[in-house]
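Please look through the structure first.

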Amino acid sequence: MTADPVIELRGVSTRFGRLVVHRDLSLQIEAGQIVALVGGSGSGKTTLLRQMLGLIRPSAGSVELFGVDLNEPDPRVQRDLRRRLGMLFQHGALFSALSVFDNVAFPLRELRYLDEDWIRRLVHLKLAMVGLTMTHAQLMPAELSGGMIKRAALARALALEPELLLLDEPTAGLDPDRSQSFVELVGALQRELGLTVVMVTHDVNTLAALATHVAVLAEQKIVAFGPKAEIAASDHPFVAGFFGADRQKLL
Amino acid sequence: MKALPRLSIEPGRVILAGTWTLAAMLPQLAELQAQLAERSRQADAWDLSAVSRLDSAAAVLLWRAWGGAWPEQLQVSEVHKAVLGRVAALPGDIPAPAAPPPRLPEIVGNLVLKAMANLRGMVALFGQLLLDLGYLLRHPAEVPWKECAANVYKAGAQALPVTALVGFLIGVTLSYLSALQLKTLGADLFIVNILGISIIRELGPVLVAVLVAGRSGSAMTAQIGVMRVTEEIDALSTMGVSRSIRVIFPKIFGLTAAMPLLVLWTSAVALFGGMLAALLQLDLSLVYFVENLPRAVPVANLHIGLGKGLVFGFLIALVACHFGLRVKPNTESLSACTTSAVVTAITTVILADAIFAILTRHIGVPQL
């Protein structure tokens, strides 16, 4: 196994024009952790997630995944790096012109090493994992309900067997029942595949059920990071305000 | 470093070790596949206990190497057995999703039906527009003046530079080529007639229509289309705002109002380009050109040109809005509808131009 932390942010600062989003932010996430990134609206959680993916470059500081700097110039190193992570976007970001099957098959086909039979089996496997059936596979994303879009997007994020899974608001817009089963699904997958998961969430129930660690983003940096119980006991004013009465749920 | 997938063989036994994941297997995938296929024929006892990670891609690979059945002797950890078990639970032969190839009558029929649906949609849109117009005449306070003005600015004022540039170059080209011919015949002075009639009556309106269809027509389709994709159109109707009055009407009104002005502007610039080329090529003074233009070109031609502009503008906007409303919520449909909008708009304009030519064949032609 690799000794490097899965994600390492060092001194990251982000500016959009005059607006400072992050100032000298550092965070280190080890393999196997399920980290929930919490913070107020507009505190730059999604921005931070996008920086971990290399979609946005920080104004200063460095982002390393699996010990490789995201600014590494070699495109092949970059590509291999991207294949080790899966991202679930907030609204799914399924390719609207492709069916669910083709959406999940897309990253596998892009590898150009696998034959169609292999791809078909893998797609079926992933769809079965997230609880979608063959009937759903032929539908277009526009024909799916919100929960099914999330499931299909998760199946696509898992297609390449990632070691790191990034989730942006995984349960937003799902009814409590669905979000509970989604949480169970991600938890089960994490145990089976040994994933590292980073998720942005507002939902205390999701957080309580899934996360092992919590990172609190406020005042432009990570004000607290640690195991769930430790954060719940913290007396930082933002933490107290965010969890409020739900603090007991975390324990 | 990551441990590579390893494969070794003892008499009657195949031993797998290391990391069997998609990422780790990729560099030597073909080799592994060949080795597995070969080994699986030789031995029926497999030892997977030294495997540190086994993902479903590797599980599928193994399952296929085993020919879709469990080997007789298998040593494997519980976690990995569960992964293999999921692969085993899949139906053995998964058929490829098959779509029957379309037959010729179906293709033709679909095209005809599509064309009919489009025609019907455009007629319906035209009818809706007339109803809106009637409503707005009775309730003048509800006319969306701001949106109309914005559309005149976007489709008209912002198109001035590009139409001027293209008009000028076409004017120069036409004048230059005609001058070469006229010079050999000694009929230099007829350059005024040729340029005047062709540009004012025909080229100006058609040129602007083609440019505007590509520039504003596509923008209208894309805008309405994205508004449909993002449900903004639905949001409008839930607020009790008529989408046809607030979104469609200003676009059609704006372009219909802006087009004659654009035609006038482009024709003027094109004539100016022609005059400059005539000055350089034939030594025809600008003053002579301007003085003789009214004599050579009856003013009816200008009216026809402006009338064409009005009609073309209306047609382009109508076609663009119609296709915008047909966009389905996916990217493929958006691009297809935008393409159809531009192609249909230009075709419709040329068709209307032909009808104009036939109807006005006795008007504005100078009698020599």
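Exposed means over 50% relative accessible area, buried means under 20%, and partly exposed lies in between. Glu219(A), at 58% relative accessibility, therefore counts as exposed. The model is predicted.

**Positive phi in chain A**
- Glu219(A) is not a glycine, yet its phi is positive, near 50°.
- Glu219(A) sits in the loop between β9 (213-218) and β10 (221-227) of chain A.
- Phe66(A) is another residue other than glycine with a positive phi, about 50°.
- The loop between β4 (60-65) and β5 (68-69) of chain A holds Phe66(A).
- Is Phe66(A) buried or exposed? Phe66(A) counts as buried, because its relative accessibility is 9%.

- A disulfide needs two cysteine sulfur atoms within 2.5 Å.
- For Cys148(B), the closest cysteine sulfur is that of Cys321(B), 12 Å away, so the gap is too far for a bond.
- Seen from Cys321(B), the closest cysteine sulfur is in Cys148(B), again at 12 Å and too far for a bond.
- Cys148(B) is buried at 3% relative accessibility.
- Cys321(B) is also buried, with a relative accessible area of 0%.

**Positive patch in chain B**
- Lys114(B), Arg228(B), Arg243(B), Arg326(B) and Lys328(B) form a positive surface patch.
- Arg228(B) belongs to helix α8 (residues 191-229) of chain B.
- Arg228(B) counts as partly exposed, because its relative accessibility is 33%.

Notes: Residues are numbered from 1 along each chain as its sequence is written. Chains are lettered from A and ligands numbered from 1 in the order in which they are written. This is a predicted model: local features need pLDDT of at least 70, side-chain atom pairs count only at pLDDT 80 or more; totals for chains, interfaces and linings use all residues. Side-chain values use heavy atoms; hydrogens and water are left out. Buried means under 20% relative accessible area, exposed over 50%, partly exposed in between (1.4 Å probe, protein chains only). Patches are made of residues with over 30% relative accessible area and no salt bridge: like charges are joined within 9 Å, nonpolar side chains (Val, Leu, Ile, Met, Phe, Trp, Tyr) within 5 Å. Accessible areas come from the Shrake-Rupley method with a 1.4 Å probe; for residues, only the protein chains shown count as cover. A salt bridge is a side-chain nitrogen of Lys or Arg within 4 Å of a carboxyl oxygen of Asp or Glu. Lys and Arg count as positive and Asp and Glu as negative; His and the chain ends are not counted. The place of a charge is taken as NZ of Lys, CZ of Arg, CG of Asp or CD of Glu. Helices (H or I, at least four residues) and strands (E, at least two) are DSSP runs, numbered from the N terminus.
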